[in-house]
Amino acid sequence: MMERYIDPTKRHEFVLLFDVKDGNPNGDPDAGNMPRVDPETMHGIVTDVAIKRKIRDYAAMVLGKPIFIQSQTALNTIIFQAYQDVGVKLATIELNEEEKENGELMNWLSQLEEQGLVLEDNRVIYTGEDIKEKDIREKLTEGLEEAGLKKQLEKSLRNMAKRLAQAANNMKIDEQTRQNAQKALCQKYYDVRMFGAVMSTGLNAGQVRGPMQLTFSRSIDPVFPWDLTITRSAITKESDRRRKQTEMGRKPLIPYGLYRLHGFYNPFLGEKTGVTAEDLADFWDALVHLFAFDHSAARGEMNVRALYIFSHENAKGSAPAHKLFDLVKIERRQQEAPRSFHDYVLLGPADEGQKDVFLEGFSGVTVTRLV
């Protein structure tokens with residue numbers, strides 16, 4: 001019998017508690033990488049995308065899952081491949097020797113991805129929806145005069161537009177083809193199935209709304225962002241050696257913060273993206289080990305302290321999510337400035353190790369505590 005908390009046909013909510021000690025859980029690049037805080041209350045903030053990044057990294061590195069949002073391959077290239085997998089022949093032209101040797105032309109073509117033109121291995125791939133020569137020419141030459149390159153490149157680009165238009169006549173993408181490409185991406189990439197994705201950056205594969213959604217994490221108490229001065233004995237430039245022996249740097253952190261995150265799983269969207277019981281089990285596994293393979297000097301000590309999963313008896317659900325979240329209570333001991341998890345008392349609806357415990361007063365809802 002499938003345990004309810006990994007059943008993708010049921011609704012689930014969860015509460016995740018994690019803490020950080022002497023580290024920066026999520027720096028803000030607009031504030032010198034200082035820890036994110038609510039400016040009115042000084043409670044710490046960790047964004048949903050920061051947590052999703054750790055889940056993706058765990059899924060890829062530890063579980064070996066293919067991930068769509070990553071840095072090794074351009075997203076447009078992944079989308080191209082999905083269309084090719086469902087039988088679409090992309091509008092492609094090979095560059096001749098004269099074009100390949102024209103440095104200005106090659107540099108110009110490399111900047112046209114937003115216009116739907118991709119330079120790849122000495123060929124140009126057109127991914128736009130307009131297939132008339134005039135429209136393609138406009139995409140190729142947009143901004144050319146402002147860049148002062150009209151005289152040098154216009155003739156070559158006009159010739160290229162003509163060849164691309166001829167190639168594009170053989171590229172037929174209807175709504176069914178688009179849906180097939182989207183389905184192929186959902187089937188292949190774990191994070192698309194779970195979190196959804198915007199896949200309209202190049203050859204438009206539409207948008208997928210993900211069934212698993214996370215809130216921002218917020219600290220239980222206000223935190224104290226601290227910007228420490230650090231030094232190093234290594235000198236960057238040889239010319240600096242005579243006038244200084246060390247170099248100065250900054251290290252932002254908070255002494256301690258206990259954070260709380262809420263999450264929601266929508267089984268109706270999960271059915272559309274193809275979420276399986278294995279996908280859900282992998283997701284809970286990633287949350288339990290969220291920081292185990294993400295250690296760095298900047299993040300200090302970060303640990304998952306509790307994970308409560310509320311599972312309903314059906315897809316629609318048997319209780320409001322906010323009432324279930326209220327069952328997980330955290331009280332601070334008599335400490336003015338908490339410095340460890342032991343400075344709090346956790347009053348949750350299930351003891352550690354218990355699974356599928358039915359909640360009193362919430363018919364049809366079970367709670368599982370995995371940490």
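Ala, Val, Leu, Ile, Met, Phe, Trp, Tyr, Cys and Pro count as nonpolar, Asp, Glu, Lys and Arg as charged, and the others, Gly among them, as polar. This is a predicted model, in which local features need pLDDT of at least 70 and side-chain atom pairs count only at pLDDT 80 or more, while totals for chains, interfaces and linings use all residues. Residues are numbered from 1 along each chain as its sequence is written, and side-chain values use heavy atoms, with hydrogens and water left out.

**View 1. Two cavities turn up in a search of the whole structure.** The search finds 2 cavities of 30 Å³ or more; a cavity is a set of points on a 1 Å grid over the protein atoms alone where a 1.4 Å probe fits but cannot get out, and its lining residues have an atom within 4 Å of a point. A volume is the space filled by probe spheres set on the points, which are joined across faces, edges and corners. The second largest cavity holds about 30 Å³ of space. Look for F291, D294, H295, S296, R299, G300 and M302 around the second largest cavity: its lining has 2 nonpolar, 3 polar and 2 charged residues. The largest cavity holds about 50 Å³ and is lined by K54, D57, Y58, M61, H289, L290, F293 and D294. By class, the lining of the largest cavity divides into 4 nonpolar, 1 polar and 3 charged residues.

**View 2. The largest pocket has about 290 Å³ of space.** A pocket, unlike a cavity, is an open set of points, with protein on both sides within 12 Å along at least five of seven lines. Here 13 residues form the lining, and Q182, C186, V208, K272 and T273 lie nearest the centre. Helix α7 (175-188), strand β9 (207-209) and helix α9 (267-273) each supply at least two lining residues, and α7 gives the most, with 5. (Helices, H or I of at least four residues, and strands, E of at least two, are DSSP runs numbered from the N terminus.) The lining of this pocket includes 3 nonpolar, 6 polar and 4 charged residues.

**View 3. Three strands form an open sheet, in the order β5-β7-β6.** The pairing is antiparallel; two strands pair if DSSP finds at least two bridges between them. At the edges are β5 and β6, each of which pairs on one side only. From one strand to the next, the twist averages 20 degrees. Between β5 and β7 there are 4 bridges, and I93 has V124 in β7 as its bridge partner. Helix α6 packs on this sheet, touching β5, β6 and β7 (contact means heavy atoms within 4.5 Å), and its direction makes about 135 degrees with that of β5. Angles run from 0 to 180 degrees between N-to-C directions, with axes fitted to C-alpha atoms, for helices over the stretch in contact.

**View 4. Helix α6 (150-168) has a buried set of residues.** They are L153, L157, M160, A161, L164, A165, A167 and A168, where buried means under 20% relative accessible area with a 1.4 Å probe, protein chains only. Their cover includes β5, β6, β7, α3, α4 and α5.

**View 5. Helix α2 (75-85) also has buried residues.** N76, I78, I79, F80, A82 and Y83 are buried, and what covers them includes β6 and α7. Just after α2, G87 takes a positive phi of about 95 degrees.

**View 6. Strand β4 (43-46) is buried on both faces.** H43 and I45 point one way, G44 and V46 the other. Strand β11 (217-222) pairs with β4 in the antiparallel sense over 3 bridges; in β11, R218 is the bridge partner of I45.

Methods: Buried < 20%, exposed > 50% of the residue type's maximum accessible area, 1.4 Å probe, protein only.
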